[in-house]
Amino acid sequence: MTASVTIEAAEDLFLRALQEVIGQVNRGELGETNEATVQHHLALCLHLLARRENLPFSIIMERRIQRANGDVFPKKQRNTAEIDVFFTVGQDQTRCAIELKLFKRINHREPNNRYDSYADLANLEIYLEEHCDVGFFVLLTDHPHYYDPDFGDQRPGTADFSLREGHIYQAQRELTYRTNRPYGPPLTLRHNYTFQWQNDGNDWRFLILKVSP
């Protein structure tokens, strides 16, 4: 079995589990939804699907990892990081890393939420090189500020960090806070990304970005 086939199998398992969780969120089954709750329910759905299909599988939340060469991860400029959800699947133990965020309108934390989203992507790209075979960034929000291009202009000083529908990030373009007190250092991603939101018509919209070879 080739690497691309096993990565596709991991992606399929992830997407089916995520769809179950999105359905639970849409139906209000998770109660007062927060980030940790969604992460745990995603891990549970992954585990149950794998058991149902008798797949070789293991999973861990907040898996701590370390860069082997002494470098730092972009997000916190530290040598260590914690992957929100990490699982292996299949006889070849294909490794998958997931970073999941949930932004509530009531807890509006701008523009730093957008920076942290790009920082998660930057971390995922390093996970791909050193710790996993495929990765996914997932963002859920009930605030159109993040996904709707017509919601209102974003401030010029932080416009680099757009997450809105149809936005395209081109690899190697530096992202910078052009403010008097930057929240974090400039970020540069290694891959291209197109931002396409899903779940239209529901209170919660979600974004999925795949990080793969």
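View 1. Leaving aside residues up to four places away in sequence, S117 touches K101, F103, F137, L139 and L163, a contact being heavy atoms within 4.5 Å. The model is predicted: local features need pLDDT of at least 70 and side-chain atom pairs count only at pLDDT 80 or more, whereas totals for chains, interfaces and linings use all residues. Residues are numbered from 1 along each chain as its sequence is written, and side-chain values use heavy atoms, with hydrogens and water left out.

View 2. K101 belongs to strand β3, which covers residues 94–103. With a relative accessibility of 9%, K101 counts as buried. Its contacts, again without residues up to four places away in sequence, are E35, K75, D116, S117, D120, F137, V138, L139 and L140.

**View 3. Helix α3 within the structure.** Helix α3 consists of 19 residues, 112–130. Because 17 of its 19 residues are buried, α3 is largely enclosed by the rest of the structure.

**View 4. The whole protein as context for the close-ups.** The protein contains four helices and ten strands, where helices (H or I, at least four residues) and strands (E, at least two) are DSSP runs numbered from the N terminus. Along the sequence, these elements follow the order α-α-β-β-β-α-β-α-β-β-β-β-β-β. The radius of gyration is 17 Å, which agrees with the value near 17 Å for a compact globule of 213 residues (taken over C-alpha atoms, with the globule rule of 2.2 Å times the number of residues to the power 0.38). Along the principal axes, the C-alpha atoms fill a box of roughly 55 × 45 × 25 Å. Of the 213 residues, 50% count as buried. Among contacts with a separation of 6 or more, 63% join residues 24 or more positions apart.

Methods:
Buried means under 20% relative accessible area, exposed over 50%, partly exposed in between (1.4 Å probe, protein chains only). The expected span of a helix is 1.5 Å times one less than its number of residues.
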